[in-house]
Amino acid sequence: MDKLLVRGGRTLNGEVLISGAKNAALPELCAALLTDQPVTLHNVPQLQDVATMLKLIRNMGVTAERADDGTVSLDAGGLNNPEAPYELVKTMRASVLALGPLLARFGHAKVSLPGGCAIGSRPVDQHLKGLQAMGAEIDVDHGYMVAKLGGGRTRLKGARIATDMVTVTGTENFLMAAALAEGETMLENAAQEPEIPDLAEMLIAMGAKIEGHGTSRIHIQGVERLHGCTHKVVADRIEAGTFLCAVAATGGDVFLRHARADHLDAVIDKLRDAGAIVTANEDGIRIQGTAPAYEHLKAQNFRTTEYPGFPTDMQAQFMVLNAIAKGASKVTETIFENRFMHVNELVRLGAHIQIDGKVAVLEGVQKLSGATVMATDLRASASLVIAGLVADGETLVDRIYHLDRGYDKMEAKLRAIGADIERVK
């Protein structure tokens, strides 16, 4: 099992190219299931989750070719097996995104209940309720969601769907299903993350009729057929935010090419309040930090909420800043119940953190010291890498298969801007 060996103490300088967003690429790969015509996606990141999704749709009969430049060519014209088996779904929750497109195009689907995440319960009941409102009959049988159209229908029907909670993958599933449904669909309490309007723009390029994407109320007028398209995946805001935190923590001056500042307002505001200099233009984001962080950064209180609030996917990375910044801070996690699992590992490195329910209380320390630590989930692994970059001595981060699920060549990008980091087989 691969590990990352990080030798701390270096500032970061130069330029990083931000990859396409994992959380946009995965639903957009599933959107290709909606048409029998070719679809081309550009800027698709080289990630384990993307490889798993490609394997999943190939298993259904989709032709999928992947080039080194981030281009993926898809053709679902030969799709003959609308099923997502447990062996492939178990490692990745985003596999549930196949349910809506398969049901909309073929009228039936069989998708395993998903796994793939240790940060808490993310039930699929909202997906099922929404698709049932559109006329689907869905049974959960032996760990599978078995769906078909009810009442002799040949297409899903438009409906008003108001979810009990904001759900990103639920909104994406409903968007894709409604694109081919008969009549109008209104999504209330829709997720507003930037990956949602990016998916909507791809669907519009395929011939869908969608309005209001990027707001909490999305209107879809169903069409009988979608065609192929070419689409570029939006830049990954969480990868960009992770590098922003890494530079703020270590000091230096780095330009993040293709990063979108308008997708990171809450994080950038906190970084500026902490003392980092962040500027942006149409080509990307520049961040300037000063080492040592303890003498220049001020700890920040923050609370994770749905977009456009502070993202839960940035909580662990920003917590490292608070751990080495001046003063005390409180971090409140409102999205996932098990998302403080990185705290014990940060404490092993010398951080002063106490957990009280959904709140982590931190007291900044001048230095962290290297140790062997274990990643517990995707963003936790990124936080441990950042901690290793600022810690004295060597930090060995185990279980980095979590990191490979969501970061495209992270250690290579860090090395290119001055980090002393290597993968150990």
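Helices here are DSSP runs of at least four residues, numbered from the N terminus. In this predicted model, Gln-132 turns up in one such run, helix 5. With a relative accessibility of 37%, Gln-132 counts as partly exposed, because that value falls between the 20% and 50% cut-offs. Its distance to Thr-63 was also computed: Gln-132 and Thr-63 sit 69 residues apart along the sequence, and their C-alpha atoms are 30 Å apart in space.

Helix 5 spans residues 125–133, and Asp-125 belongs to it. Asp-125 is partly exposed too, at a relative accessible area of 31%.

Helix 1 (residues 22–31) tells another story. Nine of its 10 residues are buried, so helix 1 is largely enclosed by the rest of the structure. Among the buried ones are Lys-22, Glu-28 and Cys-30, as well as Leu-26 and Leu-29.

Zooming out, the protein has 15 helices and 24 strands. Its radius of gyration is 22 Å, close to the 22 Å that the globule rule gives for 425 residues, so the protein is as compact as a globular protein of that length. Along the principal axes, the C-alpha atoms fill a box of roughly 70 × 40 × 40 Å. Of the 425 residues, 57% count as buried. Looking at contacts between residues at least 6 apart in sequence, 74% link residues at least 24 apart. The exposed surface comes to about 16300 Å², with carbon and sulfur atoms supplying 46% of it. As for charge, there are 44 positive and 52 negative side chains, and the centres of these two sets lie 2 Å apart.

A few spots in the backbone deserve a look. The peptide bond from Ala-291 to Pro-292 is cis, with omega near -5°, and Pro-292 sits in the loop between strand 17 and helix 10. Another cis bond joins Tyr-307 and Pro-308, where omega is about 15°; Pro-308 is in the loop between strand 18 and helix 11.

Then there are positive phi values in residues other than glycine. His-142 has phi near 50° and lies in the loop between strand 8 and strand 9. His-142 is exposed, with a relative accessible area of 76%. Lys-409 has phi near 55° and is found in the loop between helix 14 and helix 15. At 47% relative accessibility, Lys-409 counts as partly exposed.

Methods:
Residues are numbered from 1 along each chain as its sequence is written. This is a predicted model: local features need pLDDT of at least 70, side-chain atom pairs count only at pLDDT 80 or more; totals for chains, interfaces and linings use all residues. Side-chain values use heavy atoms; hydrogens and water are left out. Helices (H or I, at least four residues) and strands (E, at least two) are DSSP runs, numbered from the N terminus. The radius of gyration is taken over C-alpha atoms; the globule rule is 2.2 Å times the number of residues to the power 0.38. Buried means under 20% relative accessible area, exposed over 50%, partly exposed in between (1.4 Å probe, protein chains only). Contact means heavy atoms within 4.5 Å. Accessible areas come from the Shrake-Rupley method with a 1.4 Å probe; for residues, only the protein chains shown count as cover. Lys and Arg count as positive and Asp and Glu as negative; His and the chain ends are not counted. The place of a charge is taken as NZ of Lys, CZ of Arg, CG of Asp or CD of Glu.
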